[in-house]
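Here is a brief report on one protein model. It follows the sheet, then the helices.

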Amino acid sequence: MPSRLLVVDDERLIRWSLEQTLEKAGYEVATAETGAAALAALRDEPPDLVLLDLKLPDLDGLQVLRQIRELQPRVQVVIMTAYADVGTAVEAMRLGAYDYLPKPIDFENLAVTIRNALEARQLRQKVELLREQLAPSHFDHLVGVSRAMQDVVGLARKVSASGATTVLIQGESGTGKDVLARAIHYESSRADEPFMEITCTAMPETLLESELFGHERGAFTDAKTQKKGLLELAHGGTLFLDEIGDMAPALQAKLLRVLEERRFRRVGGTRDISVDIRVVAATNKDLRSAVEQGAFRKDLYYRLQVVTITIPPLRERREDIPLLARHFLQHFSREFRKPLPRLGPPVERLLVQYDWPGNVRELRNVVERAMILTEGEEIVPADLPPEIAHQAVAPARGSAPRFELPPAGVVLEEVEREFVRQALELTHGNQTRAARLLGLTRDELRYRVKKFDLSPRPAEEEAG
């Protein structure tokens, strides 16, 4: 595929001459006679290289160069001017121009400069790709071996690589919705652009509106100067709206317009501002129920939930708890500059049994406390908070009472089926608690329930 060049010059003859010469050399060439036309072309279809005249009828060439570096930092720019001077050349190179050519253009020199600039661009792309391949993935922060977390990460990877501009993350407080939002941003093509975040419950409605949309000078009493909002500052990148279920109805309507039209007005403004952003919203509320109760706009809900990722609570993926605990131990070992202690079996069983109402955030805090208190080579129950340390510990696998094998023998599947049946009966069909009684994960229990056709009657099924 031929490299695409954009020639920007206000003289028609020069544009025509360069276009003819460069097309014969095998390049795809577009032209523009003003700075505004050049920037518009840059947004529509970014070229690989721009040949930019410094003297344009509407904008200064250096001003256009600055905007090119902001809009498309990977595009190479070669400056052309008949007013060659060292000061301008130095300034152009400082702003990121690849090279500087005086007019009249020497076409042999131009051909060499373009070839070198494009080769430098390709080399830089290869280096960036290699760096990305060698760098750890931001999804590695989402620690988990459970099927549920693997599904979450798999879906998030697809969303990150896609052009999806709205994503809704659901989950209880402390499950890591903010960590997932950052991973989606930093593993996407928007990674080099801003990641802006705000919690919708953290400030009054009027202040939140100003933070999101910005305001013009004099828009209200304290508006002494113009201020850009997070929507504007996040242009090209991602805006993370945490706890969107608590956003006021009036702001919900304004946010819906942004999502549908990709433009907005500052508070007190009269001019529409267009933005290219991905909006990632998160909530610990049931937005569907909020819609039914009239507390959340139905149209905004449907606009947000085009792609929905639900992070399960920690109690529903207990097999991840030891892995997460060790991950946090390593983190705090480095932070506190203390030797890395072991996570002994008694403590591991206590952690796995606990229901973690605060989810991963609570587990992190518990491990931090244990790392501070421990004085030995192993974390012990005394290093844990009382509500966890004083639980009645279920026997570890392999430490259950000894069963006598009848002389006539047994069919192991029938014994296993009976234990699963009894566990479901004791817990009134609650599969999470039944799995805990049997020392199984919830997925392992579900497999056996299906295998032995022990699905509970509708009245016995768990809520949710």
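## Sheet and helices

In β2, E28 is the bridge partner of R4. Strand β1 (residues 4–8) and β2 pair in the parallel sense over five bridges. Two strands pair if DSSP finds at least two bridges between them. Helices (H or I, at least four residues) and strands (E, at least two) are DSSP runs, numbered from the N terminus.

The model is predicted: local features need pLDDT of at least 70, side-chain atom pairs count only at pLDDT 80 or more, and totals for chains, interfaces and linings use all residues. Residues are numbered from 1 along each chain as its sequence is written, and side-chain values use heavy atoms, with hydrogens and water left out.

Five strands form an open sheet, ordered β2-β1-β3-β4-β5, with parallel pairing. The edge strands, β2 (28–32) and β5 (99–102), each pair on one side only.

Angles run from 0 to 180 degrees between N-to-C directions, with axes fitted to C-alpha atoms, for helices over the stretch in contact.

| Helix | Strands touched | Angle |
|---|---|---|
| α2 (residues 35–44) | β1, β2, β3 | about 165° with β1 |

Helix α3 (residues 61–71) has buried residues G61, L62, V64, L65, I68 and R69. Buried means under 20% relative accessible area (1.4 Å probe, protein chains only). They lie on the same side of α3 because they cover an arc of only 155° around the axis, taken from the directions from the helix axis to the C-beta atoms. D60 caps the N-terminal end of α3, with a side-chain oxygen 2.9 Å from the backbone nitrogen of L62.

Methods:
Buried means under 20% relative accessible area, exposed over 50%, partly exposed in between (1.4 Å probe, protein chains only). A polar contact is a pair of N or O atoms within 3.5 Å; within protein, one must be able to donate a hydrogen and the other to accept it, and residues adjacent in sequence count only if both atoms are side-chain atoms. Contact means heavy atoms within 4.5 Å.
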